[in-house]
2 protein chains.
Amino acid sequence: MPKVIKTEVEFEGRFYEEYIVLEGEDLSPWGPDRDREFRFVGKPQPRVDGPERVTGAAKFTHDIQLPGMLYGRILRCPHPHARIQRIDTSKAEKLPGVRLVLSAENAPEIPWRMGLTQLFDRTLRYAGEEVALVVADEEEICYDALDLIEVEYEPLPFVVDPVKALEPNAPKVHESGNLLNGAPEVYERGDLEKGFEEADVVVEGVFRTQSALHNCMETHGSVAHWEGDTLVIWDSTQHIFGVRAQVAQALGLPLNRVRVIKQYMGGGFGSKNAAGKYTVMAALAARRTGRPVQVLLDRFEENLATGNRPSTVQTLKLGAKEDGRLTAIYHKSILNVGAYAAWPASASGPTKRLYSCPNLKTEDYSVYTNLGPFSAFRAPGYVEGTFALESMMDELARKLNLDPLELRLKNYAEIDPITNKPYTTKGLKQAYERGAQLIGWEKREEVKKTRSTKTKRVGFGMASQIWGGSGGPPAYALVKINPDGTATVITGTQDIGTGTRTALAQIAAEALGFPLERVRVELGDTQWGVYSPLSAGSMTLASVGPAVRAAAEDARAQLLDVGAQVLEIPRDRISLEQGEFVDARSGERTPVQTIFEKLLNYTIVGKGARGPNPEDKNINTFGAQFARVEVDLETGRVRVERIVAVHESGRVVNPLTIRSQLYGGVIQGLGYALTERRLEDPRRGLVVNPSLETYKVPTVEDVPDIVAEMVDMPDPEANPLGVKGVGEPPIIPTAAAIANAVADALGFRVYELPLTVDRVLMALQRGEPSRGEDNK
Amino acid sequence: MPKVIKTEVEFEGRFYEEYIVLEGEDLSPWGPDRDREFRFVGKPQPRVDGPERVTGAAKFTHDIQLPGMLYGRILRCPHPHARIQRIDTSKAEKLPGVRLVLSAENAPEIPWRMGLTQLFDRTLRYAGEEVALVVADEEEICYDALDLIEVEYEPLPFVVDPVKALEPNAPKVHESGNLLNGAPEVYERGDLEKGFEEADVVVEGVFRTQSALHNCMETHGSVAHWEGDTLVIWDSTQHIFGVRAQVAQALGLPLNRVRVIKQYMGGGFGSKNAAGKYTVMAALAARRTGRPVQVLLDRFEENLATGNRPSTVQTLKLGAKEDGRLTAIYHKSILNVGAYAAWPASASGPTKRLYSCPNLKTEDYSVYTNLGPFSAFRAPGYVEGTFALESMMDELARKLNLDPLELRLKNYAEIDPITNKPYTTKGLKQAYERGAQLIGWEKREEVKKTRSTKTKRVGFGMASQIWGGSGGPPAYALVKINPDGTATVITGTQDIGTGTRTALAQIAAEALGFPLERVRVELGDTQWGVYSPLSAGSMTLASVGPAVRAAAEDARAQLLDVGAQVLEIPRDRISLEQGEFVDARSGERTPVQTIFEKLLNYTIVGKGARGPNPEDKNINTFGAQFARVEVDLETGRVRVERIVAVHESGRVVNPLTIRSQLYGGVIQGLGYALTERRLEDPRRGLVVNPSLETYKVPTVEDVPDIVAEMVDMPDPEANPLGVKGVGEPPIIPTAAAIANAVADALGFRVYELPLTVDRVLMALQRGEPSRGEDNK
């Protein structure tokens, strides 16, 4: 019987009351002792859907073609802030091939972004915001029709700089004011003043980080189609069940009449956590036209409207004793959340919990501006915050003349500084140790001396990573055993490109005692699948994996029950290995399918649910990255030579795909550190580089030597699988490690990201250290 | 824990050993006492998918269009028996737009029809058998290409008459001989000779029935598409899981890599119980071309190659006492199974078990001929057999000067004559009584006198129906409760047009305590669904319904467990009504979705399995039909004025769709009685009327006044739902009742179906009664 308990859930220092249903099966955890020999878990496993992916058979949302499908394209506002005075779509409607034009004139009023706007609003708050949808027989006709829509805009005053937006007479993005919730998010512990009084040294800096754009391989998009009164949506999303809920609410539909499908996806990185306006527009247009409607965004639209990592201005002040022990931290962040925010942004996460520091205060100001709305972006807040915190820690180390690594170990948190609970596992020390070894930390001064020239300086830097872990309930899975001895795993999760199908197949095969090739994983369909959380927050494997294991164990138990009876072997003497029943006494092996021949079409359905996380422990993931850079003093160019990334995220299920995760995180972090920045023209209020030609993501040319390793440390207290999740961790410390290496090379710090040649050169010309204030 | 038992299953007098897994939940049956008031079960419910069906949104296999889809069309043999000497497809292959030609030259050898032939065989055994498949960009190109294939046939001797086929020197359809298994299927009980000796009267007759064609609204067809190494098939089938198994075996694929989908279907009537050659051909062609391939049959092909009701020659001899009690029955049937048979045909089912008769022998001869293979056709064998048996019973009644109904009551079986087990329920007497009342049986002589003229004779006839019932395991279902208080029922069954979605929704809503509109039923997908048996044998509702009920009860129990805890109401005081929790003490009602708001994304999954049928009882369905006809003595035309159909099939779940079943069965029975017959030209070995222009199915003009009623008699011993299934019963007695009414009108009997004007006129010209021997 499911048991309901009231519980408190902690998120970033806040506690929320929640009900939780205890329904996870009581499985003996797969612990670090490995009480059994694994065949698949922990072994490098090429992606089970690799052939589909490389042959083009895999269907991404962009590949969905339905008979009679129409194309929808969106008209976007050219002004950073404007009111529509008049909109005339008649000429567009008359263009042959145009089936529908939707706008504020004829669309239902559907609240959007927590009611801050509507699906089609007459007030537009950033350049790129949606004005109208044209639906036509062909894509090209859409573009012609977009040109024929006449809109008279009344331009309104605008602001794009979050610091300016906080000034009293700044143009108001929303009537309620530009500061989200009218106040910063404040967290405090101990006595900050006292902490700084106790400090022997104090360091302070102002850090600036840019707004970064996700630029997933696959742009956002949806295809909507009505089957009678059921809406079917193919959506490039990280959360099919979330899109289901959102669209059902927007259109007033019951959940069982909205089917969301996503089989393959070219990345999300947090930008696809929810349905887009394009999704609901496609659904509305499909209903009105009676035909399937595809609405895909191009790279420009995507980079204007579908989210970004907010830019920050972070003031950070650390107080410490002579020996390095932190006595106080103050961290104030101003975050540019753009025109809309679903929740407050924050950069203070790592500050609050990475180090043991008794006196601490953080303030996060989420500020509206007339720019595209921010969204989650791989480890939201932690990438920005870690850059500031870990840079400041290096400055403190320099001031105290301590080895940066030693300083970190001095402040190593043995329990979580917010909840005061112990960690289930914490492998950060191991990551430090192994990382230092792999980069040659001890010999770095020697290398610097040997390698540096008059015009080129070599530097070493490192940074730490902390992040939440283990995901949690609810997540469900079913495992069907087919009469030929194959298994079908039914989930409701999605593989956003990380290898979810493969890892879940490994887990299911392991738990069943089946060969891997006999297991197939189904995901990405809300109508048939069972609930899984969004594939974000590094929680897919840690949430869905235990549910799959539980369902597979349930199926295996049933299989053994039945097999024992048919084969007339005592239940405690029969086991399953590689798809065969094994009699422990005789050693006789019988393929599973043999007994099914006698049990015509008998099917086993195992059921599993993700149980709750432990209440008395903190679950976190940890890691450290080390960078070696060479800075060209003449050109200002930073060349990252090597990144060592060592992370601890519990058990490693698939070393092959986890390494891809580390590589990907490091490369994305490298882009953030060196080249990527959204450029806004403050006079016109426009983003000037929404294309991949002008927004510089790293190319293969830019990728350094990356050494990626995991501290494989099964965490049986986290969940019965022992995994904690690894999607976000590897991007978190990269920029900080590089910035520290650059500071090490230059002898002074550049407080702003990205570390482009112009910034490095300007800093070199200034000729003296800066605490970042001159960047204000 | 699932319990496995060895058991004996009886089918048509034969007993088969089988293992059965006892896994049905122990549900208190929904008995006739109706211990609760039903809201949905037993209430007329328009089809939940009615809007999709009437608006054209419902996707039948014929509607499946995939991007890049190719069309496949089949070349068929023009000879009744031939060997391919040479086949040259090169000209066809060169035709622009042709992508592939498959034939014995280049296709793999895949055994077909129990190994009697292959997918592409070089020996063809009937006109219409598959020779080659052309795949092209357009359907029209296929037809052009078919003309370009050069085939040199060596014609072989052939036989189409089953009686002739049994002669020693008849051409051999198969090397093993023309009699299936080399012997008739024989069943015997008591002492036949003694039985006839004891008889006061003996009647005998030879009955002939035609080969009938299914002519479903939707012809057979498949669309196949490979997604990587997974084969996806849309198939117009009565058994998606069966097609999965068959195709997986034919192509050597694991079951979890074959996904069979069927959402809507225009009828099957037994002709779509298994995959067709077109299915496997489409799969092969899709693999070779790398594109989706559609292979649909047209009406001609369908009527030549996809099955038929076998024609029969039945010799029937009854012995009875003066008072009407049967002492002996002998029944010999020769059945024309065409070129291939998956199993022996039989017409003796009703004879064996409809009446209590101690001495009995039946012999069924399944004879191969050079005609299209037979297949199941709505109540296979029982329609043919009931015509003969119930005709003969009327002849016996006439000889004994007994009321035909009285004769039947004299021989009423109180226990099953084969197994000697009692019935769970038997409502045949009630059906007789109600039917007699509705047709005016008592006053029939009066009506005949009043209504008959010099040239027109009115007659009354009746016939009984027996058929198996209740289906059985395995069948499974899942019920998901969504956070908005809606439910999704997951099954693996198929709705072949009978209203399965609607009935299952009624059952789920009833068991859950939810409003019907909150329940949605998913079916027709092997990859996501859970096993259900084929939708044939009248077993869908009786097999899947109890599984759905069990899954819904399981989900409801979980919901109540959780609701009680969240609402803090004792578990024994809380109930569910119309989607609301009800506190029995306060009467307070709380919508289900309210508690889900506190249980973020918590999902309930209920699981149900169909339990076994009782071992000590027989489950059968019963019914009686009464016909009033007018025969025109000048034209020979039989006009059926009224049919009264009263059937007992356990509980009535949906009176609306069950009435449709009765209407449909009666109309199909009427066609069989009066107009439908496949015409074979014995000299050429060809079917001459494979079109709907020449093969006469009843039109709206032919439909008489039909009075359809059910004896609503919930059968709690059959299964926890109390239903027994109604798909086949209504076609069984129709032809017999009409034939008896015609005999009543004419004063003598026509022993051959259909009762076309030529037969009636010829019989009238003969001017004297016939026992059918002159038809030999």
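Helices (H or I, at least four residues) and strands (E, at least two) are DSSP runs, numbered from the N terminus. Within this pair, Tyr71(A) stands opposite Gln294(A) in S16(A).

This is a predicted model, in which local features need pLDDT of at least 70, side-chain atom pairs count only at pLDDT 80 or more, and totals for chains, interfaces and linings use all residues. Residues are numbered from 1 along each chain as its sequence is written, chains are lettered from A in the order in which they are written, and side-chain values use heavy atoms, with hydrogens and water left out.

Next, show the whole sheet. Its 7 strands follow the order S5-S9-S3-S16-S13-S14-S15 (chain A), and the sheet is open with mixed pairing. Two strands pair if DSSP finds at least two bridges between them. Strand S5 (98-103) and strand S15 (258-261) of chain A each have a single partner strand, so one side of each has no neighbour in the sheet.

Contact means heavy atoms within 4.5 Å. Axes are lines fitted to C-alpha atoms, for helices over the stretch in contact, and angles run from 0 to 180 degrees between N-to-C directions.

Now move to the open sheet of 4 strands with the order S20-S28-S29-S32 (chain A). Its edge strands are S20 (456-468) and S32 (705-710) of chain A. Strand S29 (residues 638-648) of chain A runs parallel to S32(A), with 6 bridges between them. Select Val646(A) to find Glu709(A) opposite, in S32(A). Helix H13 (residues 444-451) of chain A lies across S20, S28 and S29 of chain A, at about 145 degrees to S20(A).

Finally, display both chains. The contact takes 61 residues from chain B and 61 residues from chain A. About 5600 Å² is buried between them, 57% of it from carbon and sulfur atoms; buried area is the accessible area (1.4 Å probe) that two parts lose on being put together, summed over both. Select Tyr19(B), Asn256(B) and Trp528(B): these supply 14% of the area that chain B buries against chain A, more than any other three residues.
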